Amino acid sequence: MTLLRARGLTKHYPTEEGLLDRFLGNRQWVRALDGVDLEIREGETLALVGESGCGKSTLGRTLLRLEEPTAGSVYHRGDDLTSLSTAEMRARRADLQYVFQNPTSSLDPRHTVGELVGEALDVHGVARGRERDDRVRDLLETVGLRASHANRYPHEFSGGQRQRIGIARALAVDPELIVCDEPVSALDVSVQARILNLLADLQAEFGLAYLFIAHDLSVVEHVADRVAVMYLGELVEVGPTEAVFSPPYHPYTRALLSAIPEPDPLWEGDRIVLDGSVPSPVDPPPGCKFHTRCPVASEDCGEWESHPDLESVGGDHAIACPYYDRVESTFGGD
Ligand SMILES: Nc1ncnc2c1ncn2[C@@H]1O[C@H](COP(=O)(O)OP(=O)(O)O)[C@@H](O)[C@H]1O
Ligand code: SF4
Ligand SMILES: [Mg+2]
């Protein structure tokens, strides 16, 4: 069952322009998100991957209407979230929570952990008085902290513990979906594994769905049911994890996969090394946005009216590249 469905979701930010440009009317836009269609299903982990700056956080934030989209819709239980009033949206937010990449900047240092977690309960009127305090202590224990930690301040905790506090806050209102925006990127590898285990345990216990944002594909392989790959504000591949991690590939996915250090000496595929970084989303390449870096591009790829659409390559697996079969013939499979 679909939990959340985005249609044509678009977010363009104004660039920071000089006075002269403003005077001349040369307003420019950062095309962070360019018409994305995506569904998140009940109880699943959908990973969203791509290089830094390709629009993952923007997609996560506009999906939950933490930012207003420039265009497009997000459907949740039959309603378009983009047309709900502020009060209606506030009520809906109990179902749709967000855990930020940087737990240090997302936790107000002036409040105790008990206040930070309790605040989420207050906003949604979930519990009051003794019941509220009990619930805060339960939540802290659920995420692997101690009930007595409620009286301490965020700076007294390690990065991993702070991320647990962020997760407790999200969990407080009994959500259906948590957008986890690079929840382990800032943590040591050993701490990462423990947070990933915690997220898996919570999912099993509470039937949560996750949109799990990551720039590192190696993390995703073990946690995701499905994977969506993003490049310059566009989805280029979506499918079940095992389908995305094996041929056929979008050329960009293949490049991301070959950047993972390969422990298996039988790895036969040639590595694709991408030149440079993601082009500016202020003036993205025409046609297929990946054509300036694509190892199998032909001239026509840069001449199309728009970026190619996602097309099914079998079942639930879709790729936005009409020439995806060139990847295997040029670079081999996996
Ligand atoms: N509030 C904002 N104002 C202007 N540009 C923004 C804003 N937020 C993000 N961007 C730009 O949008 C693009 C996508 O950013 P982001 O969604 O954060 O990417 P990712 O999460 O994949 O690293 C980047 O070029 C970024 O600089
Ligand atoms: S459409 Fe062309 S440029 Fe884009 S990914 Fe496919 S082959 Fe590469
Ligand atoms: Mg981000």
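The domain assignment divides the protein into domain 1 (2-95 + 175-331) and domain 2 (104-174), with bounds taken from an automatic or database assignment. This is a predicted model, in which local features need pLDDT of at least 70 and side-chain atom pairs count only at pLDDT 80 or more, while totals for chains, interfaces and linings use all residues. Residues are numbered from 1 along each chain as its sequence is written, ligands are numbered from 1 in the order in which they are written, and side-chain values use heavy atoms, without hydrogens and water.

The C-alpha centres of the two domains lie 30 Å apart. Across the interface, 17 residues of domain 1 are in contact (heavy atoms within 4.5 Å) with 12 residues of domain 2. About 1200 Å² is buried between domain 1 and domain 2, 75% of it on carbon and sulfur atoms; this is the accessible area (1.4 Å probe) lost on putting the two parts together, summed over both.

The whole structure holds one cavity of 30 Å³ or more, a cavity being a set of points, on a 1 Å grid over the protein atoms alone, where a 1.4 Å probe fits but cannot get out.

Notes: On a 1 Å grid over the protein atoms alone, a cavity is a set of points where a 1.4 Å probe fits but cannot get out, and a pocket is an open set with protein on both sides within 12 Å along at least five of seven lines; lining residues have an atom within 4 Å of a point. Grid points are joined across faces, edges and corners, and a volume is the space filled by probe spheres set on the points.
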